[in-house]
Amino acid sequence: MVDTAPDRTKGLDLRNRDHRIQLLPPEEARKIAAGEVIDRPAALVREFLDNAIDAGGEQIEVLIEEGGGRRTEVIDDGAGMGRDDLGLCWLTHATSKIRSLDDLASAETLGFRGEALAAAAAVARLEILTSTDGREAWQLEVGPGKTEPRIEQARRKKGTSVRALGLFDTIPARKRFLKREGTEALLCRQALIDKALVLPERSFRFTQDGKLKTWLPAVPGLKERFTQCLLDSPEGNFLHEIQAVGAGFSVTLVIGGPELYRNDRRQQYVFANRRRIQDYGLLQALEYGVQGWFPNGTHPVGAVYVEIDPALADFNIHPAKREVRFADPGAIHHVITQTLRDFTHHAGNSNPAHQTASVYNPAGGEYGDRHAGALAIAALLDQKPAFAPLPGRDAVEPTAYQAGDRDRSFAVAEASPQYGGIRLAGRVFDLFLLVEAGDKLLIIDQHAAHERILYNAFLSKPIPKQELLVPLPFSTAGADEDRFLSSHREDLARLGIIIEEDEDNWRIAALPANWKLGDAETVKEILELRTAGENMAERWAATLSCHAAIKDGDYLDDSAALALAEEALSLPQPRCPHGRPVWTTLTKENLYRAVHRL
Ligand code: ADP
Ligand code: MG
């Protein structure tokens, strides 16, 4: 050995190490085990989402701060937990999903190991707020080193919020391995996409550092969800959805035609029983299946969804369930390749997108529908020129759009956007979405559009309210205001405001859910309703929607922007609650004229 070479064994000091076996203290053992399940914020997102999905949540929301390291929270409207279950859920091997190893063979849930919450509590502060019925709610707080959680009564509508705070704060060695915040945030978003791709009928939202980044309203099927998550909407026209079955399993393939070729394989996904898995073999099957249909050296976009009898697959070989062992992987491989070969053989003519639709998608008359959608939008545009005279506020008739409103709000998005009629062309000035529709360029004010959509929703259904943990006492300026409050208590309740009389004082007991204003402003807004007279509901809906709508400068990703644009374009009254138009247009003809091409 050369003198100058460092002695690599020194740091390890093997000779002097204590070789006796010792049982790790439970707390240390938990932290080590937790590392297998929770290695980064995205793992929290994945596990919490699994739980939200298993609990039947339909509107699921992920919030992260500082790449998830500071806060990772998943909110659902699922079954919730009672007081006793809440007290148990954070313990290792606490699960409501299987009772014995035998149950594994038939487990339909995403979770079953009862490890995730325990692991989260070992590496972060864990707060869970939950209610099974919206009447009784409980909050639990537990964290690294705690053996007794704190459980208190709380308020919440039905469902659960699970929040991890300060991930790895007590384990600096782990914290150092985290990547830049932006990268961790991307991984968190990807964890959400991995879930959303499989569950098109549920809606997902992703908010990063207070900004809504991804909004995926419910859509009718896998193909639409794939488009929403990963493609520009016109590209969605070149996606195909194909079904195949084998012994004990079925496969759904969502695959892009050669029009959508990619130079890498990043937009290829494999799922088994709704879990995204890493399975090189099945991706290979996808590639073999489309050989000859794609230009050499290019790759398809697509997803393979395998639904398999749980008895024919073992999901319990990886703590994060990223791998599956199939009893007969060759059979699945064969079905995928063969189905795709048949499909591409039929599709091999000049216009695969259109031709194959009728061959393989008899149920989906979607090309016709899309066309109709585009026509409807075009008709709408012709009907409602953007520069029509501004109606006064009186011209806004709530009843007219109550009937026609599609009953969708930001938080409650069920209807399926119809893609294909319009194309998102970009965003400008931190405010406008640019949308190409036929021979028009639509310039949509995102705040105004969203405000109007929310306004309609607030007027068309009861405003959900949230009781305050501590009622807010306030006093009025005089008898006029007192009279207003006592005589309008029921009207106010319909608006989500519960006012109680307290000796010679007033207090607010409940406010609309997600109310954000401070105490003084809240009181002021409520007392100002007095001046609205008959139009109290409209005034209040305008106030709520103004505060809840996305703001100038908020960045919506493509699918969220497109969904918002679609909805804005189908508004019966495309004006914000203050009367400003929601969008304006530039026609192709005008543009051509402007540069003297006509
Ligand atoms: P697992 O999902 O494997 O059962 P977890 O540690 O992830 O284990 O969760 C433990 C238990 O806590 C679950 O079995 C479930 O009963 C309950 N739980 C966790 N999250 C939720 C949620 N969002 N809604 C309702 N129950 C939940
Ligand atoms: Mg779980």
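Trainee: Which residues touch the most other members in the largest nonpolar core?

Mentor: A nonpolar core is a set of buried Ala, Val, Leu, Ile, Met, Phe, Trp, Tyr and Cys residues joined through side-chain atoms within 4.5 Å. Buried means under 20% relative accessible area, exposed over 50%, and partly exposed in between (1.4 Å probe, protein chains only). Here the largest core has 62 residues, and F48, L126, I128, L197 and F226 touch the most other members. Helix α2 (residues 41–54) gives the most to this core, with eight residues. Another core lies apart from it, with 28 residues, among them L253, A313, V324 and V335.

Trainee: What should I know about the model and its labels?

Mentor: This is a predicted model: local features need pLDDT of at least 70, side-chain atom pairs count only at pLDDT 80 or more, and totals for chains, interfaces and linings use all residues. Residues are numbered from 1 along each chain as its sequence is written, chains are lettered from A and ligands numbered from 1 in the order in which they are written, and side-chain values use heavy atoms, with hydrogens and water left out.

Trainee: How many helices and strands does the protein have?

Mentor: Both are DSSP runs, numbered from the N terminus: helices are H or I with at least four residues, strands are E with at least two. The protein has 20 helices and 22 strands. Of its 598 residues, 49% are buried.

Trainee: With which residues is L197 in contact?

Mentor: Contact means heavy atoms within 4.5 Å. Leaving aside neighbours within four places in sequence, L197 is in contact with L222, R225, F226, C229, L230, Y269, F271 and Y305. For the protein, take contacts between residues at least 6 apart in sequence: 68% join residues at least 24 apart.

Trainee: Is helix α5 mostly covered or mostly open?

Mentor: Mostly covered. In α5 (residues 116–123), eight of eight residues are buried. They run A116, L117, A118, A119, A120, A121, A122 and V123.

Trainee: At what angle do helices α14 and α19 cross?

Mentor: Axes are lines fitted to C-alpha atoms, for helices over the stretch in contact, and angles run from 0 to 180 degrees between N-to-C directions. The axes of α14 (residues 446–460) and α19 (residues 558–569) come within 10 Å and cross at roughly 65 degrees. Q446, A449, H450 and I453 of α14 make the contact with L564, E567 and A568 of α19.

Trainee: Which residues of helix α17 are buried?

Mentor: In α17 (residues 519–528), T522, V523, E525, I526 and L527 are buried. The buried residues pack against β19 (465–474), α15 (479–487), β20 (498–502), β21 (505–512) and α18 (536–548).

Trainee: Why does V523 count as buried?

Mentor: Because its relative accessibility is 13%. Not counting residues up to four places away in sequence, V523 touches L472, F474 and I508. V523 and F474 are 49 residues apart in sequence and 7.4 Å apart in space, C-alpha to C-alpha.

Trainee: What is the phi of D209, and of R274?

Mentor: Most residues other than glycine have a negative phi. D209 has a positive phi of about 45 degrees. D209 sits in the loop between β7 (203–208) and β8 (211–216). At 41% relative accessibility, D209 is partly exposed. R274 has a positive phi of about 75 degrees. R274 lies in the loop between β11 (268–272) and β12 (275–276). R274 is partly exposed, at 26% relative accessibility.
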